[in-house]
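Here's a quick briefing to read with the structure open beside you. Take it topic by topic and click through the residues as you go.

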Amino acid sequence: MKKKISFSFIVFHLFFAALVACADGEQPVTYSNPVIDRSLPDPTVIRANDGYFYLYATEDTHNVPIYRSADLVKWRYMGTAFTDATRPMDMVPDGGIWAPDIVCLDGKYLLYYSKSTWGGSWEAGIGVAVSSRPNGGFSNAHKLFVSKEIGIENCIDPFFIQDDDGRNYLFFGSFHDIYGIELTADGLHVKEGAVPTKIAGGLIEATTIMKHDDYYYLIGSTGTCCEGANSTYRLVMTRSKNLFGPYVDRYGRTAIGDNFSPLLNKSPYVYGPGHCSRFVTDDAGQTWMLYHGYQADDVDGGRKVYLDKITWARDGWPQVQGMRPSTEAVAPLFGEAASTLDVQRSTFNVLPAGAQGMYRIECADDKPFGWQLFDAAGHLLQSGNGRQTAIVDASASARGLYLLRVDTAHGVFIEKLRQ
């Protein structure tokens, strides 16, 4: 029995290495989630002028923690955005600093932040601070508005965006509708005469808006964020051709009416995934998203930071493989590694097809392709052919790791599937 298991183990690894070698000449570098094994809720990230990525989060670490990375995978603690002397105190003095959002505007780093106490939805507000560098030294922190002043409950979770004409806007809200308001040209104040405009209903919080092709995609979080294994937090989405809407889901139903399409759900390994960063790109042009979640085998460790790749479906919508957090995946590409990527890889994708164990292969062009499904021991289970799309039905197979090989006109591609 021992010899049989060892042989299968060897066969699998030789087989997998050979398949990947066919695809791109060498085994790709992978990473494991979470990428930061520490409680850092509500992450926001920016690629700064020095080429590094900087991540900021709700202050489970006092005064807003800052982490730095060159590759989105390995992160180093850099200190905090504020000190006790520079800590914002002009609104909700006893409140925590939650859900920051970082941007660079005219060479200055602007850190938008929420201040509130748990349950204090009318004592919630949003402010902004400034620094000449991304790794700390934020000062001149001041209030933009608080809930009781503008008559909107739970004014937290700020998100900054510029429109195509260079005008600055801040979106905000948490389970009491989502609003947007125009800011001044320097981003440090609400524009005189500007009033909040409602763009989505009260089902969500933690708004992120990304422009892709002709659409603005609004990503939000719904459910309970902070109950460990019982958290129901998850990411949902809606889109519009205009920044202020109307936003609609995949079926054309309005976001103001609380209609959203799913983007990311929990898994057996991660509970309550949500509150994502703005999307960022690696040097190969691939899109990535950071978000928080509870690690199932360390729930008491808090909401840790996870990384997953975003691809774009043929109808334009963003998607995450399997609609759930990955445990291990191919890492982002930077520097010399990015130059080796076959850009045609973007013509191929594998997506869940509804039921457990059902997958849909998509190719962007009209060329035929073949596919083969192998188990972890390297045994061929199924094979078939397709043109543009094909369905792989592994629903009758036992749970475990599988390899899907797809032969296209652009090369041989390998996907790992975990039932």
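**Briefing: buried spots, spaces and ring pairs**

I361 counts as buried, since its relative accessibility is 0% and the cut-off is under 20%. Keep in mind that this is a predicted model.

**Around I361**

- You'll find I361 in strand 25, which covers residues 358–363.
- Leaving aside residues up to four places away in sequence, I361 touches F348, N349, F369, W371, Q388, T389, A390, V392, L404 and V406.

**Around S69**

- S69 sits in strand 4, residues 65–69.
- Is S69 buried or exposed? With a relative accessibility of 2%, S69 counts as buried.
- A polar atom of the S69 side chain lies 2.8 Å from the backbone nitrogen of L72.
- Beyond the residues up to four places away in sequence, S69 is in touch with Y52, F53, K74 and W75.

**The cavity**

- Searching the whole structure for cavities of 30 Å³ or more turns up one.
- The largest cavity holds about 90 Å³ of space.
- Its lining is made up of 16 residues, and the ones nearest the centre of the largest cavity are P100, D101, P158, H275 and C276.
- Which elements give two or more residues to that lining? They are strand 6 (96–105) and strand 14 (205–212).
- By residue type, the lining of the largest cavity splits into seven nonpolar, five polar and four charged.

**The second largest pocket**

- The second largest pocket contains about 490 Å³ of space.
- It is lined by 28 residues, with W98, W118, I156, E205 and C225 closest to the centre of the pocket.
- The lining of the second largest pocket comes out as eight nonpolar, 13 polar and seven charged residues.

**Aromatic rings**

- To describe a pair of aromatic rings, you give the distance of the centres and the angle of the planes.
- How many aromatic pairs are there? The count comes to 17.
- Take Y67 and Y77: their ring centres are 5.3 Å apart and their planes are at 55°, so this pair is tilted.
- This pair links distant parts of the chain, with Y67 in strand 4 and Y77 in strand 5 (residues 76–80), ten residues apart.
- Y67 is buried at 7% relative accessibility, whereas Y77 is partly exposed, with a relative accessible area of 41%.
- Now try Y215 and Y217, whose ring centres are 6.1 Å apart with the planes at 55°, so this pair is tilted.
- Y215 is partly exposed, with a relative accessible area of 23%, while Y217 is buried, at 1%.
- Y215 and Y217 also belong to a cluster: ring pairs link them with F279, W312 and W317.

Conventions:
Residues numbered from 1 in each chain as written. Predicted model: local features only at pLDDT ≥ 70, side-chain atom pairs only at ≥ 80, totals over all residues. Heavy atoms only, no water. Helix = DSSP H or I, 4+ residues; strand = E, 2+ residues; numbered from the N terminus. Buried < 20%, exposed > 50% of the residue type's maximum accessible area, 1.4 Å probe, protein only. Polar contact = N/O pair within 3.5 Å; in protein donor to acceptor, adjacent residues only side chain to side chain. Contact = heavy atoms within 4.5 Å. 1 Å grid on protein atoms, 1.4 Å probe; cavity = no way out; pocket = protein on both sides within 12 Å on 5 of 7 lines; lining within 4 Å. Points joined across faces, edges and corners; volume = space filled by probe spheres on them. Nonpolar A, V, L, I, M, F, W, Y, C, P; charged D, E, K, R; others polar. Phe/Tyr/Trp six-rings, centres within 6.5 Å; stacked < 30°, edge-to-face > 60°.
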